[in-house]
Amino acid sequence: MKSIALREIKSFFGSPIGYLVIAIFLILNGLFLWVFDGEYNILQSGFADLSPFFTLAPWILLFLIPAVTMRSFSDERKQGTIELLLTKPLSVWQIVNGKFLGSFLLIVLALLPTLIYVYVLYGLGLPEGNIDMGSTMGSYFGLLFLIASYTAIGIFTSTLSENQIVSFLVSVFLCFVFYYGFEGAATYLKGFEDVISSIGMDSHFKSMSRGVVDTRDVLYFISIAFLFLSFTVFKLKSLKS
């Protein structure tokens, strides 16, 4: 598994993909949070608060993570190396987990530089240090679980087609449905709002953003990631047979 993950990371940084993903994520967040006028501009809000970042980041990652994962197995199938990969002395689960870990770590690397936002806001607060660290750390923690879920979905969709664009589009669609789709549907189903919205990622991410890490939210994200990784293993086994 470790060898697969390292190979994935090396392939990301052996081409412009890894650098491009990190650059796009940081540039887009930087522009919306510090440059562009609007509701996401932290300097214009008058509060030392990172909530605009945690509102914006899931939507940027919704497109960025599928762009990273779309090649995971699609490229292997297109190049005809999927059979060679599956004959390695590794279980299908180890191969899938290696691919997942490589993509997950790349996105986490893109996330790490944003910690400087916490340092900047800590200094801008009146008085200095007037920032809700509990909520901020809870939001970062929630974002890691959201990234894991998006990545698992993207890894699964990369097994569905040899065409990377198809894998990307299906991944974006599924990530959107699980992040916001249920929340949106809940507004039309009166009396079932809480039940329907609890199926989606948005309500669980918001819950963790309050600074209270509930085991139900953690188990939800772990279940989503495990479910789609299981789908990936099932699909690969069907290709192997």
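## Exposure and the surface patch

Buried means under 20% relative accessible area, exposed means over 50%, and partly exposed lies in between, with a 1.4 Å probe and protein chains only. Phe36 counts as partly exposed because its relative accessibility is 40%. This is a predicted model, in which local features need pLDDT of at least 70, side-chain atom pairs count only at pLDDT 80 or more, and totals for chains, interfaces and linings use all residues. Residues are numbered from 1 along each chain as its sequence is written, and side-chain values use heavy atoms, with hydrogens and water left out.

Phe36 sits in the loop between α2 (16–35) and α3 (42–45). Helices here are DSSP runs (H or I, at least four residues), numbered from the N terminus. Phe36 belongs to a nonpolar surface patch with Leu20, Ile24, Leu28, Phe32 and Val35. Together these residues have about 490 Å² of accessible area. Areas come from the Shrake-Rupley method with a 1.4 Å probe, and for residues only the protein chains shown count as cover. Patch members have over 30% relative accessible area and no salt bridge; like charges are joined within 9 Å, and nonpolar side chains (Val, Leu, Ile, Met, Phe, Trp, Tyr) within 5 Å.

## The nonpolar core

The largest nonpolar core has 64 residues. Such a core is a set of buried Ala, Val, Leu, Ile, Met, Phe, Trp, Tyr and Cys residues joined through side-chain atoms within 4.5 Å. Phe25, Leu50, Phe53, Leu143, Tyr150 and Met201 have the most contacts inside this core. Helix α9 (residues 133–157) supplies the largest share, 11 residues.

Which residues touch Leu143, leaving aside neighbours within four places in sequence? They are Phe53, Phe54, Ala57, Pro58, Leu61, Leu111 and Phe205. Contact means heavy atoms within 4.5 Å.

## Helix α8 and its buried side

Helix α8 (residues 115–124) has Tyr117, Val118 and Leu121 as its buried residues. They lie on the same side of α8, because they cover an arc of only 100° around the axis. The arc is that of the directions from the helix axis to the C-beta atoms. An α-helix has 3.6 residues a turn, so residues three or four places apart point the same way. The buried residues of α8 pack against α2, α3, α4 (51–69) and α9.

## Salt bridges

A salt bridge is a side-chain nitrogen of Lys or Arg within 4 Å of a carboxyl oxygen of Asp or Glu. By this rule there are 6 salt bridges. One of them joins Lys99 to Glu76, at 3.0 Å from N to O. Lys99 lies in helix α7 (residues 92–111) and Glu76 in helix α5 (residues 74–79), so the pair ties together parts that are 23 residues apart in sequence. Both Lys99 and Glu76 are buried.

Lys206 pairs with Asp202, with the closest N and O atoms 3.1 Å apart. Both lie in helix α12 (residues 201–209), 4 residues apart, about one turn of the helix. Lys206 is partly exposed, at 43% relative accessible area, whereas Asp202 is buried, at 5%. Asp214 forms a salt bridge with Arg216, the closest N and O atoms being 2.8 Å apart. Arg216 is exposed, with a relative accessible area of 61%. Salt bridges that share partners also join Arg7, Glu8, Arg71, Glu76 and Lys99 into one network.

Ser74 is in helix α5. Ser74 counts as buried because its relative accessible area is 0%. Beyond its neighbours within four places in sequence, Ser74 is in contact with Ser158, Ser161, Glu162, Asn163, Gln164 and Ser167. Ser74 and Phe54 are 20 residues apart along the chain, and their C-alpha atoms are separated by 31 Å.

His204 lies in helix α12. Is His204 buried or exposed? It is buried, with a relative accessible area of 10%. Leaving aside neighbours within four places in sequence, His204 is in contact with Ser198, Arg216, Asp217, Tyr220 and Phe221. The C-alpha atoms of His204 and Arg216 are 8.5 Å apart, across 12 residues of chain.

## Other positions

Ala67 is found in helix α4. Ala67 is partly exposed, at 28% relative accessible area. Ala67 and Leu84 are 17 residues apart in sequence and 24 Å apart in space, C-alpha to C-alpha.

Lys190 is in the loop between α10 (164–186) and α11 (193–197). Lys190 is exposed, with a relative accessible area of 64%. Lys190 and Leu26 are 164 residues apart along the chain, with 39 Å between their C-alpha atoms.

Definitions and conventions:
Helices (H or I, at least four residues) and strands (E, at least two) are DSSP runs, numbered from the N terminus.
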